[in-house]
Amino acid sequence: MFNKKGFDDSNYNVDNFEFIKKTSPIVGDLIEKEYNRQKNNIELIASENYCSEAVLAACGSCLSWKYAEGYPYVRTSGNTSRYYGGTKFVDELEEYCCDKWREVFNTDYHVNVQPHSGSQANFAAYKAILNPGDTILSLTLDNGGHLTHGSSVNFSGKLYNMVFYDVDDRGFIDMEDVRRKAHEVKPKLILTGASAYARIIDFEEFGKIAKEVGAYFMVDMAHIAGLVAGGVHPTPFGHADIVTTTTHKTLRGPRGGLIFARPELAKKVDSAVFPYAQGGPLEHVIAGKAVCAEEALQPEYKEYAQKVVENCKAFCDEFLKLGYKIVTGGTDNHVFLLDLSDFPFSGKDLQDRLDEVGITLNKNCIPNDQRSPKETSGVRIGTAPMTTRGYNEEDFREVARKIDAVIQEMK
Ligand code: PLP
């Protein structure tokens with residue numbers, strides 16, 4: 001599916017649909033329809049991507065049949081701490097997966113590859129270092145943070161005492177505000193990372209502030225992990241005590257999560273994942289994560305990461321030329337937010353209209369949004385999936401002009 005302007009499914013086993021239909025015509029048919037939707041639409045959702053056929057095959061493998069509660073730990077303690085027999089091969093696989101991810105990020109941090117998702121990685125990471133009621137200093141959802149960064153409707157906002165740092169008038173994270181609030185509230189954890197933030201995050205400065213106030217520092221790099229792996233975004237390793245990520249966004253792997261931690265936090269992180277937050281690990285997904293790590297170590301991956309950013313800058317530039325407002329005025333990474341606050345329709349209206357013409361993106365709050373989170377005054381636009389499909393800067397400029405034509409009709 002890579003490096004083609006259209007969608008190359010020569011390696012994809014489309015017979016799978018027919019095979020599934022033999023057991024369940026309804027499920028097989030729905031998967032086939034979704035496949036064709038993904039194949040024919042222009043996919044601009046910043047948190048999505050197309051992983052390789054090898055990753056898909058690993059995730060659909062016989063490892064799905066295996067229970068392996070516990071950890072392999074062959075190297076660290078000399079024996080495994082699994083609660084099931086028959087784990088010889090999954091032990092080897094899980095250790096291999098951990099090694100490969102350390103190699104990808106060039107780090108000696110401990111890594112736990114078992115979290116089923118980014119949210120579960122964050123749940124376990126907080127549990128490893130915090131008690132309920134402890135204070136976290138974080139970024140709000142409408143300024144670009146994630147639900148698990150302290151939203152009142154999420155476990156994070158319910159279990160912990162949240163204090164939020166702000167963005168400045170242009171939408172950039174306000175580091176002075178981070179420092180001032182950190183000194184004021186003395187949080188146990190300072191958290192950064194985002195779902196809708198278009199600029200480089202200064203991990204070094206965050207790390208310094210955390211040290212000044214004796215807080216843990218955690219980075220949720222879910223969105224930008226592929227860019228960090230490809231060397232086009234500064235790394236949080238060396239600055240953060242804990243780094244969490246998803247593997248399915250810019251990283252381009254299977255749907256899942258990872259936690260990295262300074263070695264002294266290893267045991268606390270592991271026991272927060274299992275047995276606290278999860279039961280049996282998804283060894284088939286861990287296999288997919290290992291394949292993804294190997295792909296991220298190839299020279300072509302650096303090119304991909306670089307193109308994601310170059311394409312995003314060109315895409316953004318075309319909107320600016322067409323007279324649109326962009327939150328922060330541009331982008332440094334794979335995502336940007338189109339500001340629709342001056343338009344008579346919402347982010348949701350545009351999302352729905354674009355859906356009808358085969359362009360998929362999502363509504364998103366912008367800083368100080370006057371519309372509700374269900375409507376929003378922005379849309380989030382990302383370049384990772386279509387870069388994977390081979391789109392170049394001119395292709396993205398053309399998509400900007402297509403979106404502009406739709407907006408002109410809606411005015
Ligand atoms: N962290 C960030 C920054 C995210 O953007 C997301 C998902 O969008 C998550 C965590 C949660 O990931 P998941 O959907 O796998 O739970």
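1. Contact here means heavy atoms within 4.5 Å, and by that criterion Asp 177 touches Phe 164, Tyr 165 and Asp 166, with residues up to four places away in sequence not counted. The model is a predicted one, in which local features need pLDDT of at least 70, side-chain atom pairs count only at pLDDT 80 or more, and totals for chains, interfaces and linings use all residues. Residues are numbered from 1 along each chain as its sequence is written, and side-chain values use heavy atoms, with hydrogens and water left out.

2. Asp 177 has a relative accessibility of 6% and therefore counts as buried, a term that stands for under 20% relative accessible area (1.4 Å probe, protein chains only). Tyr 165 lies 12 residues from Asp 177 in sequence, yet the two are 6.0 Å apart in space, C-alpha to C-alpha. The side chain of Asp 177 also reaches the backbone nitrogen of Asp 166 at 2.8 Å.

3. Turning to the ligand, 13 residues surround it, the closest being Gly 118, Ser 119, Ser 195, Asp 220 and Lys 249; a residue is included if one of its heavy atoms lies within 4 Å of the molecule.

4. An N or O atom in the side chain of Ser 117 is 3.4 Å from an oxygen atom of the ligand, while for the side chain of Ser 119 the corresponding distance to a ligand oxygen atom is 2.7 Å. A polar side-chain atom of Ser 195 likewise lies 2.7 Å from an oxygen atom of the ligand.

Notes:
Buried means under 20% relative accessible area, exposed over 50%, partly exposed in between (1.4 Å probe, protein chains only). A polar contact is a pair of N or O atoms within 3.5 Å; within protein, one must be able to donate a hydrogen and the other to accept it, and residues adjacent in sequence count only if both atoms are side-chain atoms.
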